[in-house]
Amino acid sequence: MRGWSTGRDPRTCPVGLAIFLLILTVHVVKPTSDYDPYRILGVSRSASQAEIKRAYKNLAREWHPDKNKDPKAEDMFIKVSKSYEILSNEERRSNFDRYGQMDENQPFGQSQHPNFRSFHNSFYFDESFFHFPRSRDFADSKYMLRHAQFNSDVLPDSYKKPYLIKVTSEWCFACVHIEPVWKETVQELEPLGVGVGIVDLTYERRLANQLGAHRAPSIIGLVNGRVTFYHQAVVREHLRQFVEDLLPQKLVERINDNNYLAFLGSWHVENKPSLLLFDQVPVVPLLYKLTSFAYRDFVRFGYVDQGETHNTKLLRQFNINTYAPTMLLFKEDAEKPVDIIQARGMKKQIMDEFVSNNKFLQVPRLVSQQLFDELCPVKQFHRRRKYCVLLITGEDEAFLPGNKAFLDFATANKKDVLRFAYVYQRQQQPLCQALLRNQAAVSPQVVILERRSQTGRVLYRSVSGGWNGSEEDKYRLHEQLELLQKDPTYLSSDATLPELNNEMAPIFFIQWMNVAYDYIIQIYDDLLYSNWREMMPILSLIFSALFILFGTVIIQAFSEPGENKPRKPKPKEQPTTQTQEDASSRANTSSRPPKKDFVEVTELTDITNTSNLVKLRPGHINVVLVLTNASKNALLRKFAKEVFSFSGTQTLHFSFLNADKHRHWMTSLLRSACSAGPSESHSDDEESSDYSGHVLALNGYKKYFCHFRPVFTGDDPNDSSSESSFAFDSKRKSRSRSRSSSHSRSRSHSREDGAIPKRGSSRATNIEVHHKLDRLGLWMERLMEGTLPRLQVPAWPTLDTTNT
């Protein structure tokens, strides 16, 4: 036996140690059960939310300190409220049922007792032993963001101020390292007007997914609803610069002696007051940028660096004190500011109050519904009654004197209950028509109105006599305003105003460009910092589109001709039948303009026979002209002239066949067509060896062709029989259309398309070369319509076997 023996069985040691730990755990954990929200509210653990709410209302009414004078009432009221906060939230209630957790900022499994650490939290040792992260500070609880709160409050508020959001989680060791820098940054930026938020990945996974944050720690900037991730080292100066870069560009304009007159004089175009900040620092202060971002829809902001040498004229004109920051606010008068403020320590509260009290011009122009709502709010209480005095005028120079007189009147009669504004009748026609009862105003009109509801209902009264800016008009308007303040029922007319047109809204193209720019920047940022989880859907869509595009091109480029591919058997197509859709589609394709100014015609030889005929792609037709060496030049010129208007069709190809080289090919083709099925006899063509001027429309895939034969048109004035021949042909055409059988209709089409009766065969043999293709254009039109008879062949004759 090694060592020494204690006389005790060693197997009993683990059992005794387990019993000891269990007893210790029960004694230590027991104090945590002293606070039970179920017991305080008097409900069971299976109580519903309605029962919990009912119990809370009864207890809150009973223990409210204002109604219950018991010294313990205040403490009991706090316990009741705290208990309801825990049990009314399903997440907190679940945490309490599992771990006895009562504070939402307390980690899972951590007891309320300060001397106890659970097994899951630092292995029941003090947290500092292993340097594990402590639970969140109580000061951080006011920054915690919930999903509903973020979408209802923070997201809309990001259009007025930027937000800096930290993403953290429990057991995040890196979060502990950035905590001191984060606190210093919050203490610096929050007083300037930067919003602060904290998202816990453990509890707010849904909100984290919405923000695109999947790891902790992460720092996010939120401006105008757009999320931007911070990727640099967590340093206070870098975080400050990150917030400053989030703001849009050109919020503050640099002002000097050269451009200050143009800046202050643009109030008429911009319809906004102008604010100038004079300071010694060369960089625009962040507080001033944040203020300009919050009020950018109402005020224009400019900055003057007092240290620059080319600002001396500006400083001297307005008598600026160079020892403290100074703000001047200008309205309609560019030479005299309406308000001045000067302070060494410019605070956000002072700046916001200064700007909010001067958001509008003395007489602003109604250019949007937002400005109308701000300037003339809806009446809510009697003490907050606001009357809007509206001048309906025009933009021409003839209206300027009246507009200037209205401005002078508004400046001299400023009151809290009166708001003066003007509107251009041409820009806001629906509004003016509702107030003038669809009567066009020949001269400017003044309307006094009071808004009664958000739906646009107003009470109003028009000032009689119009407005020309005379002293009589001013006296009449002043008198009616006095009557209105004494008797609110003076506004006797009622109307519903439409929503105003936004005259300052950018055009659609600019809006689209801005959205596209933001989207490209976001994609670039995600690619640069490998945010692949967010980029995977976009990359998958792009690669899928590219695969489909290039895959289709490659398949078409390397695919075999259509007849070699297995296809489903189709019913045999009759020579004279054609669907209406096929006819309409061919008619549409025939109207395509030619892509070239010439017709490309290739010779049909034993080499090109395979590609141009035997293995011709499905749906394509090769139009072949039969000629001889003697008639080649004349027939090709005539052929190109007749088919030029059809050369833009992609499914048509044009070729010619030299009958002197392949004189038996036509005979073999016609014999094959006769033996393939019932057809009209071609004895005349077979007896004659002159096929020059004949045109064949060959469908290589379906193995059929349409035949054009030269027809005498009667163009020769010396021929007295031309008229009778044309009449005879017309009679036969009308007679053939009246027949019902397909065989008769096929024979009639053959005669119409060039089949010459035996009685007139001698006429056809004597046709001059340049007249043989006179009716080819009409035949081509019928070819595109699909109304020509089709002659089927079992196989195409080969050119090499027919050579002589």
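Which residue meets glutamate 244 in a salt bridge? Select glutamate 244 and lysine 289 to find out: their side chains meet in a salt bridge, with 2.7 Å from N to O. The model you have open is a predicted one.

**Stop 1: glutamate 244 and lysine 289**

Now show the surface. Glutamate 244 counts as buried because its relative accessibility is 14%, under the 20% limit. Lysine 289, at 22%, counts as partly exposed. Side chains of opposite charge can pair when their charged atoms come close.

**Stop 2: glutamate 184 and arginine 236**

Select glutamate 184 and arginine 236 next. They form a salt bridge in which the closest N and O atoms are 3.8 Å apart. This pair links distant parts of the chain: glutamate 184 sits in helix α8 (residues 173-189), while arginine 236 sits in helix α10 (residues 236-246), 52 residues apart. Glutamate 184 is partly exposed, at 43% relative accessibility. Arginine 236 is also partly exposed, with a relative accessible area of 30%.

Then widen the selection to Glu184, Glu188, Arg236, Glu237 and Arg240. A network of salt bridges links these residues.

**Stop 3: glutamate 204 and arginine 146**

How many salt bridges does the structure hold? The count is 24. For another of these pairs, select glutamate 204 and arginine 146, whose side chains meet in a salt bridge of 3.2 Å, N to O. Both residues lie in loops: glutamate 204 between β2 (195-200) and α9 (205-211), and arginine 146 between α6 (127-130) and α7 (147-157), so the pair ties together parts that are 58 residues apart in sequence. Is glutamate 204 buried or exposed? Its relative accessibility is 9%, so glutamate 204 counts as buried. Arginine 146, at 27%, counts as partly exposed.

**Stop 4: glutamine 306**

Go to the loop between β7 (300-305) and α14 (312-318), and select glutamine 306 there. This residue counts as buried, at 8% relative accessibility. Which atom of phenylalanine 278 lies 3.2 Å from a polar atom of the side chain of glutamine 306? It is the backbone oxygen of phenylalanine 278. A polar contact of 3.4 Å joins its side chain to the side chain of glutamine 306.

**Stop 5: the positive patch**

Turn to the surface and select Lys53, Lys57, Arg61 and Lys67. These residues gather in a patch of positive charge. Pick out lysine 57 from the group: it is found in helix α3, which covers residues 49-63. Lysine 57 has a relative accessible area of 44%, so it is partly exposed.

**Stop 6: arginine 671 and valine 793**

Finish at helix α25 (residues 665-676), where arginine 671 is found. With a relative accessible area of 53%, arginine 671 is exposed, because exposed means over 50%. How far apart are arginine 671 and valine 793 in sequence and in space? They are 122 residues apart in sequence and 9.1 Å apart in space, C-alpha to C-alpha.

Terms used:
Residues numbered from 1 in each chain as written. Predicted model: local features only at pLDDT ≥ 70, side-chain atom pairs only at ≥ 80, totals over all residues. Heavy atoms only, no water. Patch = residues over 30% accessible without salt bridge, like charges linked within 9 Å, V, L, I, M, F, W, Y side chains within 5 Å. Areas by Shrake-Rupley, 256 points an atom, 1.4 Å probe, with all protein chains shown as cover. Salt bridge = Lys/Arg side-chain N within 4 Å of Asp/Glu carboxyl O. Lys, Arg positive; Asp, Glu negative; His and termini not counted. Charge placed at Lys NZ, Arg CZ, Asp CG, Glu CD. Helix = DSSP H or I, 4+ residues; strand = E, 2+ residues; numbered from the N terminus. Buried < 20%, exposed > 50% of the residue type's maximum accessible area, 1.4 Å probe, protein only. Polar contact = N/O pair within 3.5 Å; in protein donor to acceptor, adjacent residues only side chain to side chain.
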